[in-house]
Amino acid sequence: AQNFPDLARFYNAEVIQRGSGLFARAVQRGIDRGEFRPVNVDYTVRALVSPLIMRSILQHSFLACAGPEDFDVPAYFAHTVDLVLNGLRPANPARR
């Protein structure tokens, strides 16, 4: 981004901000409908997008040098969504 600031600004405006806005609207809609608990929407969007960005960084930087990786990307994303929606609580928590 420092080497190509105009390109970075364009990518931020056209990709990052648009994508983040889509996530933010979906989260806010879920909150408004009572499907999600009230949360800080901005932080939630960052938490949702971070695994996508990390995977992209790995794919296009480190893994480009390390060779092919046996990694199930759809399973990774499904796991990430499950973790975000359910946290680490057990499926059948013991009642105390």
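**Salt bridges in the model**

Biologist: Which residue forms a salt bridge with Arg18?

Modeller: The model is predicted, so local features need pLDDT of at least 70 and side-chain atom pairs pLDDT 80 or more, while totals for chains, interfaces and linings use all residues. Residues are numbered from 1 along each chain as its sequence is written, and side-chain values use heavy atoms, leaving out hydrogens and water. A salt bridge here is a side-chain nitrogen of Lys or Arg within 4 Å of a carboxyl oxygen of Asp or Glu. With closest N and O atoms 3.0 Å apart, the partner of Arg18 is Glu14.

Biologist: Is Glu14 buried, partly exposed or exposed?

Modeller: Buried means under 20% relative accessible area, exposed over 50%, and partly exposed in between (1.4 Å probe, protein chains only). Arg18 has 56% and is exposed. Glu14 has 33% relative accessibility, so Glu14 counts as partly exposed.

Biologist: In which helix do Arg9 and Asp6 lie?

Modeller: Their side chains meet in a salt bridge, 2.4 Å from N to O. Helices are DSSP runs (H or I, at least four residues), and strands are runs of E (at least two), numbered from the N terminus. Three residues, about one turn, separate the two within residues 5-32, which form helix α1.

Biologist: What is the relative accessibility of Arg46?

Modeller: Arg46 forms a salt bridge with Asp42 at 3.2 Å, and both lie in helix α2, residues 41-66, four residues apart. Asp42 is partly exposed at 42%. Arg46 counts as exposed because its relative accessibility is 54%.

Biologist: How many salt bridges does the count come to?

Modeller: Side chains of opposite charge can pair when their charged atoms come close. By the distance rule, the number of salt bridges is three.
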